[in-house]
Amino acid sequence: MSIVLEKRPEREKRPAPITVAVAGNPNSGKTSIFNNLTGSHQQVGNWPGVTVTKKEGQLVMGSTKARIVDLPGIYSLGAYSEDEMVARDYILSGEPDVIIDVVDAGNIERNLYLTTQMLEAGGNIVIALNMLDEARRQNIHIDVRALADRLGIPVVPTVARLQQGMKELVEAVLEDAGQSKPKPFRIYYGELIESELEILEELVKTVPELTARLHPRYVAVKLLEDEDWLHKKIEALNGDTRERLMMAAGDSINRLRKHYGEDLDSALIEQRYSFIADLLKGVVTRSEDKKEKDTFTEVVDRVVLNRYLGIPIFLLVMFGMFQTTFTLGAPLSDMIETFFAWLGGWVAGGISSPLMSSLIVDAVIGGVGSVLVFVPPIFLLFLIISILEDSGYMARAAYIMDRFMQNLGLHGRSFIPLLIGFGCNVPAVMAARSLENKGDRLTTILIAPLMSCAARLPVYVLFVGIFFTAYQGLAVFSLYLLGIVLAIIAAHLFKKFLFRGEEAPFILEIPPYRIPTLKTALLHMWERGSQFLKKAGTIIFAAVVLVWAMSNLPWGVEYASQESLMGMMGSWLAPVFEPLGFGTWQAASALIFGLLAKEIVVGTLAVVYGAGEVGLAAAISSAYTPLSAFSFMVMVLVYSPCVATIAAIRRETDSRGWTAFAIGYSLVLGWVLALTVYQGGKLLGLG
Amino acid sequence: MPKKLSPSMQDYLETILDLSSTDDEVRITDIANRLNISKASTNQAIGGLVKRGMVTHRHYGPVTLTEMGRSEAEKIRYRHDVLKKLLIDVMKVDPEVAEQDACLMEHTISQETLTKLVSFMETYVVGREETEMPEKTYTRLSDLMVGTKAIIKKIVSSGSIKKRILEMGLTVGTTVEVKGVAPMGDPIDVLVKGYHLSLRKKEASLVLVEVV
């Protein structure tokens, strides 16, 4: 498979003749359609100003050129989440010439809700009636022609998973793009509402700023719904027009309130649904010869979501995910490490100047190596997550774990990122992307580094092996547990003080089980993994070079000795760690190095004590007491995420402030906890 | 109803219902402020309601309505709404006066007169939800047993959560079936418009249904 990722979507350079947006509900097969249309020529970026992924590509079918833009999967054009705002703004922007609306045939009634909203807004729409095979298996029959006639727009039957109907879809899109203006579409909202809409529509027609891109009637409907975005638009108008619009809208709403009370919003939504119900009469028929026969999904779910089996199965799936990632990923990572070590040795042999050789071998090759070591586990993990998502299991995982996560004030979907954190914090932070609510997402990102990742284990193993020989397992376990407890407390505090009132309702579709396609899973994996490589890679690389420079400067010092910049900084910082029980320049340097990746702490200690891995135990047992060793391990657990995680946080939050906060709070928390352990232990006479 | 509640007790119940629809937690102070009554007497009155099993309240903690208390409060509010509607829409009484009078009348009007009034309103005044008795046979979606089918009658919420619930297809008149409960008891799995929707009991409790 050839996957071409260009650096940045640059539209201006080569304007495509037409622009096609792909919209639809989550789980409607939207991504498969997008992948089919664009092949693997996709560009992944972000929508301006938000952390919603934007994907676009070029149409690969036929000779016609078209730009295809993938919109986030949404249920309506409301404004609850960033996803929905992005989609709505784009549809209303008038930029897309045609919108492909992917409709799940097996779930047509709810899927058409979005369709009616887009039609009202005035989009030029072609429906891809997808997964018709699945609908047929559920004994749902759809008269495609009648549907197209009643909606007045083209409807193309497709089975995206099997590439069926793609050619016809492209033809319909190209034909539709030639037509100038979409036919006006209207839903009848009942006499009372209609008469108010008429008044508002007339008024809106006199305001060219509002009708440039939108149907006047759509604006009128949104005035009744009192939508924020429209409000902002009106606020920006000149005084007189603004007053007139606001007055008229207020009057209309008040008159309707007399009749509908607080249920005006519901009346509009219910009218849309009853419009859909009427529309589908005679179009959709369900042959129910075998009455109430359970679907395949329902049969499977009786086991998978079973009261007693649900949680064990969930844990088993998660365990399997970890095992696969780390048993398959670790040897690959080792191979990459070995390769770079060999490459370093080979290059070093060819360079006579020791400084140059060190710069190239330790900094450049070492830097690239430490980025690439992350590739196998991260790509594997994302591959498995994609497969679980596409099969429909992830929605069930959220369903199963939601009750537990509610205790933390979080959403069921937060569980997966946190669990992944035990493997590596980097994909954990990235997996938080599946959370719609900003507060939930930020909380999850901020607490994920408290999950003790695999890289911290070597540090524990070293110290526990020296000081807690009798209770090794217990000592290590206590550190993992400490991380979890801290995460729970931190989640509570963040939700309470930083993200108040941002709790998202848990109203999620549980899609039917589906066989994931390898192509979609691989594209997903590549999309996420390559984003990590691009953004995090540069930061990790820069950090490795920086640390190399600090260990070798000023020129001529012994690598990472007390005379190097690193050693000087260590000596300078040591007093800070004095009250924690490890106020040595060696410990301070190890912690600084540990920022690169926590397992480096072990290697650094070996270097700074001038001992091999064997002599290290002796050096450490004379430098630490059991109490200060535990305090040190607590510090390693909590203090600042590693640079790769910091890079991921920076990328995912798109905010320097939150990144700084993530580093700052964990540094303070780590220091305070280690202090408590050491001083508390001394008071108890353990020192 | 074992014993008839005194008018002032009814006011307390109604106030708690009002406050609990907007605030997360209803406290004695909030109730006292709303009714313009001292905290001490509010405390005493709440004690009375606790004894009757209408509300639960621990020292300094929030006041919450029990199932019985909620249904009683909804009945009282319903009477209030019907009377107010009658005064404003039919008799053209000034809304402010209507509000006050409805407050006084609601405590004394008999069930029989009320029932007659409702049918009168249904016949002569065009109205929707207001003319239905929400508390009579309606259950919360969150209280249904697995396997139960029901028709949605009302969404008792407002703002974006209500909109979200409706947009996902849980509109009035739709048939739903509870298909399962998550292993830890929450959320629930509901079949609506031919697809499976999971929602927390907290959200499901906002959906009033009638079992079929």
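**Entry 1: the sheet.** I began with the open sheet, which has 7 strands in the order β10(A)-β7(B)-β6(B)-β5(B)-β4(B)-β8(B)-β3(B), paired antiparallel. A reminder to myself: this is a predicted model.

**Entry 2: the edges.** Which strands stand at the edges of the sheet? I found β10 (507-510) of chain A and β3 (139-140) of chain B there. Each has a single partner strand, so one side of each is left without a neighbour in the sheet.

**Entry 3: a helix on the sheet.** Next I looked at helix α17 of chain A, residues 393-406, which packs on the sheet. Helix α17 touches β10 of chain A as well as β7 (195-199) of chain B. Its direction makes about 135° with that of β10(A).

**Entry 4: where the chains pair.** I then followed β10(A) to its partner, β7(B): the two pair in the antiparallel sense over 4 bridges. Which residue of β7(B) is the bridge partner of Ile510(A)? I looked it up, and it is His196(B).

**Entry 5: a pair within chain B.** Strand β4 (residues 149-155) and strand β8 (residues 207-211), both of chain B, are joined by 5 bridges in the antiparallel sense. Here I noted that Ile152(B) has Val209(B) in β8(B) as its bridge partner.

**Entry 6: the contact between chains.** How many residues does each chain give to the contact? I noted 32 residues from chain A and 34 residues from chain B. On the chain A side, the elements giving two or more residues are α3 (108-121), α12 (264-280), α14 (310-350), α17 and β10. By class, that side of chain A has 16 nonpolar, 6 polar and 10 charged residues.

Methods. Residues are numbered from 1 along each chain as its sequence is written. Chains are lettered from A and ligands numbered from 1 in the order in which they are written. This is a predicted model: local features need pLDDT of at least 70, side-chain atom pairs count only at pLDDT 80 or more; totals for chains, interfaces and linings use all residues. Two strands pair if DSSP finds at least two bridges between them. Two residues are in contact if their C-beta atoms, placed from the backbone, lie within 7 Å. Axes are lines fitted to C-alpha atoms, for helices over the stretch in contact, and angles run from 0 to 180 degrees between N-to-C directions. Ala, Val, Leu, Ile, Met, Phe, Trp, Tyr, Cys and Pro count as nonpolar, Asp, Glu, Lys and Arg as charged, and the others, Gly among them, as polar.
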